[in-house]
Amino acid sequence: MKKIIILLFAIIIASVSAFANPVFEKDIIKTSEGDLEITFIGHASMMMKWHEKIIHIDPYSALADYNGLPKADLILITHHHRDHLDEKAINSIKTDKTEFILAEMCFNQLKYGKVMKNGDNTVYENVKIEAIPAYNIVHKRDTGELYHPKGEGNGYILTFGDKRVLIGGDTENTSEIKALEKIDYAFLPMNLPFTMTPEMVADAVKAFKPKVLYPYHYSNTDPNKLLELLKDIEIRIRKMQ
């Protein structure tokens with residue numbers, strides 16, 4: 001009887017854990033230096049595994065129980081808004097050895113981490129990291145202020161072996177985005193009214209021509225619209241609302 005109770009308890013715990021964290025979609029990207037595994041958590045949050053190192057990007061506790069996810073070797077934060085800078089999620093995955101790369105306004109809140117300003121670059125475990133501007137040029141608050149003023153947030157270009165991956169951050173089709181070169185995989189946002197319309201994404205993509213587009217952080221915007229607007233590029237739609 002005691003063994004049955006213990007077994008039932010174990011099943012209940014496993015069921016609760018499974019419910020708290022569903023099975024997330026994953027992609028494997030082949031590079032010249034090994035596989036890059038990307039786990040799509042949702043919204044602007046994803047996790048990358050590279051040479052046994054775990055990289056979390058904009059972890060957000062509304063999307064997952066981060067206590068059940070792998071601890072972070074590196075956490076990248078694009079900007080200070082609460083759905084990108086979530087201390088509850090961060091505290092669940094950080095360790096004494098976790099490194100942080102973030103925008104200056106994020107540092108002002110957390111009081112730790114390596115600040116990267118627009119245009120800065122660094123290297124983490126043979127991954128080159130470039131910070132690029134992420135900002136609005138059209139969409140504004142009722143006050144007339146842009147949702148994301150220039151200089152406050154970062155996008156990141158991560159180079160894994162021979163593959164360059166763009167994490168757009170909360171941005172629009174800026175001149176800096178459109179001037180990018182040799183991007184293999186691009187994550188671009190469509191969280192209206194805060195970032196891009198599908199037409200803005202298409203405009204940016206036609207300019208810098210990534211090999212693969214991942215629409216992400218797209219909320220209620222239909223990512224399938226991009227299939228109509230961009231017929232000459234591979235578009236991978238994952239659960240990233």
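User: Does Lys-111 count as buried or exposed, and why?

Analyst: Lys-111 counts as exposed, because its relative accessibility is 61% and exposed means over 50% relative accessible area (buried is under 20%, partly exposed lies in between; 1.4 Å probe, protein chains only). The model is predicted, so local features need pLDDT of at least 70 and side-chain atom pairs count only at pLDDT 80 or more, while totals for chains, interfaces and linings use all residues. Residues are numbered from 1 along each chain as its sequence is written, and side-chain values use heavy atoms, with hydrogens and water left out.

User: Where is Lys-111 found, and what is its phi?

Analyst: Lys-111 is in the loop between helix H3 (104–110) and strand S7 (114–115). Helices (H or I, at least four residues) and strands (E, at least two) are DSSP runs numbered from the N terminus. The phi of Lys-111 is positive, about 75 degrees, although the residue is not a glycine.

User: What makes Glu-52 count as buried or exposed?

Analyst: Its relative accessible area is 62%, so Glu-52 falls in the exposed class. Glu-52 sits in the loop between strand S3 (45–50) and strand S4 (53–57). Its phi is also positive, near 70 degrees, in a residue other than glycine.

User: How many aromatic pairs does the structure hold?

Analyst: There are seven aromatic pairs. Rings of Phe, Tyr and Trp (its six-membered ring) pair if their centres lie within 6.5 Å; planes under 30 degrees apart are stacked, over 60 edge-to-face, and the rest tilted.

User: How do you know whether Phe-40 is buried or exposed?

Analyst: Phe-40 has a relative accessible area of 2%, so it is buried. Tyr-214 is buried as well, because its relative accessibility is 1%.

User: What makes the pair of Phe-187 and Tyr-214 stacked?

Analyst: The planes are 5 degrees apart, with 4.5 Å centre to centre, so the pair meets the stacked limit. Phe-187 is in strand S12 (residues 185–189) and Tyr-214 is in S13, 27 residues apart. Phe-187 is buried, because its relative accessibility is 0%. Phe-40, Phe-187, Tyr-214 and Tyr-216 form one aromatic cluster.

User: How do you know that strands S8 and S9 pair?

Analyst: Two strands pair if DSSP finds at least two bridges between them, and four bridges join S8 to S9 (residues 127–134), the two running antiparallel. Thr-122 stands opposite Ile-129 in S9. S8 and S9 form a hairpin with two residues between them, and Glu-125 in the turn has a positive phi of about 50 degrees.
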